[in-house]
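Hello,

Here is the structure you asked for. My notes follow it.

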Amino acid sequence: MPIVDNIRAIRWEDHQLCLLDQRLLPQQEIWLQLGDYREVAVAITQMVVRGAPAIGVTAAYAMALAVQEMQQFSDWQQRLAGAAAEIKAARPTAVNLAWATDRQLTLAQGESAADRAATLLLQAAHDLLEQDIADNQQMGRHGAALLPEQGGILTHCNTGSLATGGYGTALGVIRAGISAGKQLQVYADETRPWLQGARLTAWELQKDGIPFYLNADSAAAYLMQQGLIQAVIVGADRIAANGDTANKIGTYSLAVLAQYHQIPFYVAAPLSTVDFAMPAGEGIIIEERPDSEVRQCAGHDVAPAGVKVRNPAFDVTPAALITAIITEKGVARPDYLHSLANQRG
Ligand code: MRU
């Protein structure tokens, strides 16, 4: 089945960073034009752009904007380091944010002339965007081979073009499987509380012509029990060196369910999502997001006023529950400490 892959949510135009505002999808397709790195950091915090690889690429552009602003000052390198700290503070869990920001800072620090650093960082951001798409396509090729010839594939959150430079990680693998002729029925978790599945994955799959059902998160166990799910595939925000994986809240429950039902549970993420400095999952900082995301649904109150809320945005799936981790370099199997390190080379 021919697969369309047209969605791109990050672009550079007229010296500005243009982001498709994911807070407004699917009702409105509005692009924001940002020319100041501080606005970009706020856009990341407020989830105009979200998804680990996408915020990495966005951070790279934020650094390019920052160096353009700082180049008039003699202490531009010091000021740029301050901007990098602000950008990295936008969200704590996805390592791609810090990874891309630090990469840009290191590049700039290797350059003595500010104007040359500005040119360099902008080009590096463009390259990162292109590389991310290429890596996702490569991941798709590796991962598609793991999917059954036919059957149901459950996914969580949004891991597609919107969450990356383009093509997607877990959704990219599904995309590649369908392109290769596999008869896959996608089941997309709605992904409470922010509804990345209902709002973004559903929008993206519909636009790209991929058949799917949208289901409530709480339907996952039932769907598995009914024999409708042959594999679960998710993305990642940070993978510890031992394979423990932080991803959207609810991922851990899916991994436990998958093990109970003896269904393979796959993680697809670029190597830039692996934090080799983080030995195990318990060290990963889990972002807590505003109470209103849980107290409300689509902007309407659904809980009594004043209730106390817990809103962790991510959870950590122990490596022992993960069948394989798919990266652009190939398929890593347990034990991940060695298989992931081998991929890094
Ligand atoms: O809070 P979000 O929407 O940024 O969370 C996104 C996820 O958890 C994704 O699964 C993850 O970033 C992988 S995206 C390719």
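How do the residues of the shell around the ligand divide into nonpolar, polar and charged? There are seven nonpolar, seven polar and three charged, where Ala, Val, Leu, Ile, Met, Phe, Trp, Tyr, Cys and Pro count as nonpolar, Asp, Glu, Lys and Arg as charged, and the others, Gly among them, as polar.

Before the rest, two notes on the source. The model is predicted, with local features needing pLDDT of at least 70 and side-chain atom pairs pLDDT 80 or more, while totals for chains, interfaces and linings use all residues. Numbering starts from 1 along each chain as its sequence is written.

The ligand is surrounded by 17 residues, the closest being Arg 50, Ala 52, Ala 163, Gly 235 and Lys 248 (C-beta, placed from the backbone, within 6 Å of the molecule). Two or more shell residues each come from α2 (52-70) and β9 (245-248); helices (H or I, at least four residues) and strands (E, at least two) are DSSP runs, numbered from the N terminus.

In α1 (residues 37-45), the buried residues are Tyr 37, Val 40, Ala 41, Ala 43 and Ile 44. Buried means 20 or more other C-beta atoms within 10 Å of the residue's own, exposed 12 or fewer, partly exposed in between. These five lie on the same side of α1 because they cover an arc of only 160° around the axis, taken from the directions from the helix axis to the C-beta atoms. Their cover includes β2 (16-20), β3 (31-34), α2 and α3 (76-88), with contact set at C-beta atoms within 7 Å. Just after α1, Met 47 has a positive phi of about 70°.

Arg 333 sits in the loop between β16 (330-332) and α11 (336-344). Because Arg 333 has 13 C-beta neighbours inside 10 Å, it counts as partly exposed.

Regards

Note on methods
Two residues are in contact if their C-beta atoms, placed from the backbone, lie within 7 Å.
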